[in-house]
Amino acid sequence: MNEKTHTAKPEQKWFELVSRLSAENVASGKGGPFAAAVIKNNKLIASACNEVLGSGDPTAHAEVSVIRKACRELGSFQLDDCILISSCEPCPMCLGAIYWARPAAVYYINSRQDAAEIGFDDQFIYDEISREHHQRRIPFLKEDFPAARQAFLDWKNKSDKTPY
């Protein structure tokens, strides 16, 4: 993965948009005070709010949702030359999604400490990531299954694959 440099701070209106969407989401009852937007060339590509409660989907965080929408809009699995703006420092799941999407930069408004103060504490996940599998709260158990291994070998040997 190439490191990208980013120098241009997004316009204030994009921070205002994310802040407004965050407040509206609280009022709607669909999820927490989280919203995100993807901007490219000072144009809004997509915006989304946390919809965990409204959808019953624990992965329906604002950042994951906005990445999905923006990638569909751009016709790409990467957010090249895009800026992601979030109302809060991304959780570990969203952080992973952001790295896979590869935007040029991420701006966030509230910190993870701010989130913890209002009941959204992800520190236990950060702690779990660094633990050995056998020490995690949820057991992670490796199973050898040759049929599933074959798909990995097929991918390794595929000559026309698109690396990502």
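Residue S65 is placed in helix α3, where helices (H or I, at least four residues) and strands (E, at least two) are DSSP runs numbered from the N terminus. S65 is buried, its relative accessible area being 17%; buried means under 20% relative accessible area, exposed over 50%, and partly exposed in between (1.4 Å probe, protein chains only). Apart from its neighbours within four places in sequence, S65 is in contact with A48 and A60, contact being defined as heavy atoms within 4.5 Å.

The model is predicted: local features need pLDDT of at least 70, side-chain atom pairs count only at pLDDT 80 or more, and totals for chains, interfaces and linings use all residues. Residues are numbered from 1 along each chain as its sequence is written, and side-chain values use heavy atoms, with hydrogens and water left out.

**Backbone with positive phi**

Most residues other than glycine have a negative phi. Positive values are found at N41 and at R102. N41 belongs to the loop between β1 (35-40) and β2 (43-49), whereas R102 sits in the loop between α4 (92-101) and β4 (105-110). N41 is exposed, while R102 counts as buried.

| Residue | Phi | Relative accessible area |
|---|---|---|
| N41 | near 50 degrees | 68% |
| R102 | near 60 degrees | 16% |

**Nonpolar surface patch**

A nonpolar patch on the surface is formed by F77, W155 and Y164, which together have about 380 Å² of accessible area. Accessible areas come from the Shrake-Rupley method with a 1.4 Å probe, and for residues only the protein chains shown count as cover. Patches are made of residues with over 30% relative accessible area and no salt bridge, joining like charges within 9 Å and nonpolar side chains (Val, Leu, Ile, Met, Phe, Trp, Tyr) within 5 Å. A salt bridge is a side-chain nitrogen of Lys or Arg within 4 Å of a carboxyl oxygen of Asp or Glu.

**Cysteines**

With a disulfide taken as a pair of cysteine sulfur atoms within 2.5 Å, the count comes to zero. For C71, the closest cysteine sulfur is that of C82, at 8.0 Å, which is too far for a bond. C88 is likewise in no disulfide, the nearest cysteine sulfur, in C91, being 9.0 Å away. C71 counts as buried at 12% relative accessibility, and C88 is buried with a relative accessible area of 5%.
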